Amino acid sequence: MHNDAAKTALIDAGRWVANKGWVPATGGNFSIRTEHGFVVTASGHDKGNLQPEHFLELDAHGVIVAGSGKPSAETELHLKLYALKPSTRCILHTHSVAATVLSRFIQGDTFSVTGYEMQKSLSGVTTHLEPLNIAIFDNDQDIARLADVVAKHHATTPVVHGVLIRGHGLYAMGDSVFETRRHIEGLEFLFACELERIKLEGTR
Ligand SMILES: CSCCC(=O)C(=O)COP(=O)(O)O
Ligand SMILES: [Zn+2]
């Protein structure tokens with residue numbers, strides 16, 4: 001994808017996730033793999049009202065080649081996820097209430113669900129009968145260190161659709177902007193269902 005098309009797609013995605021209430025208070029950051037590198041949101045902007053000047057262009061090594069301001073504080077995690085899964089073309093990071101609360105409530109290192117038809121919104125999933133697992137990592141203000149922890153985990157348990165960062169939010173990934181948006185929407189539906197279920201019946 002060309003840089004300008006990437007920015008347009010991310011502006012549109014930002015408006016969409018903001019309308020869902022998933023990027024409050026400048027939370028969240030977005031990126032696309034382009035022909036020659038990456039486009040990533042600049043730090044600190046309202047992700048629901050992005051403008052073309054709110055992006056930086058990076059080369060294939062993650063070095064800034066165009067744009068002003070600072071790249072997202074979480075750029076290193078985006079770059080690591082692209083490196084871990086080379087088919088990934090778009091990463092959208094969101095801060096929904098459900099992802100934030102559930103990732104704190106779950107004490108283990110995995111959000112695991114079975115039995116929901118919506119699991120099939122995630123690429124490669126063909127049945128509600130098998131567990132869908134999303135890894136949860138403890139939040140860390142040292143993003144390089146957090147990215148290394150994700151990479152270490154990926155060596156044994158590959159990251160496929162995204163990861164949760166505890167008390168922080170969701171990183172969803174996909175082979176296109178459309179797929180990443182579908183993964184966010186599907187995962188957020190599953191998070192919301194699990195929160196409702198836990199409220200009704202506890203963790204059983
Ligand atoms: C305002 S929420 C704290 C920062 C954060 O987690 C986030 O997603 C936004 O950071 P950025 O540097 O990309 O604006
Ligand atoms: Zn964040």
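**Close-up 1. The largest pocket of the predicted model has a volume of about 340 Å³**. Pro131, Leu132, Asn133, Val160 and His161 lie closest to its centre, among 19 lining residues. A pocket is an open set of points on a 1 Å grid over the protein atoms alone, where a 1.4 Å probe fits, with protein on both sides within 12 Å along at least five of seven lines; lining residues have an atom within 4 Å of a point. Volume is the space filled by probe spheres set on the points, which are joined across faces, edges and corners. Strand β7 (residues 132–137) gives the largest share of the lining, 4 residues. Strands are DSSP runs of E, at least two residues; helices are runs of H or I, at least four, and both are numbered from the N terminus.

**Close-up 2. The second largest pocket holds about 170 Å³ of space**. Of its 13 lining residues, Ile106, Ser112, Glu194, Arg197 and Ile198 lie nearest the centre. Two or more residues each come from α3 (97–105), β6 (110–113) and α5 (177–201). β6 gives the most, with 4.

**Close-up 3. Three histidines, His93, His95 and His168, coordinate the zinc ion (ligand 2)**. Each donates NE2, at 2.0 to 2.2 Å. Donors are N, O and S atoms within 2.8 Å of the metal (3.2 Å for Na, K and Ca); water is not among the atoms, so sites may look incomplete. The donor spacing is H-x1-H-x72-H. Histidine 93 sits in strand β5 (residues 90–94) and histidine 168 in the loop between β8 (162–165) and β9 (169–174), 75 residues apart. Histidine 93 is buried at 0% relative accessibility; histidine 168 is also buried, at 9%. Buried means under 20% relative accessible area, exposed over 50%, partly exposed in between (1.4 Å probe, protein chains only).

**Notes.** Residues are numbered from 1 along each chain as its sequence is written, and chains are lettered from A and ligands numbered from 1 in the order written. In this predicted model, local features need pLDDT of at least 70, side-chain atom pairs count only at pLDDT 80 or more, and totals for chains, interfaces and linings use all residues; side-chain values use heavy atoms, without hydrogens and water.
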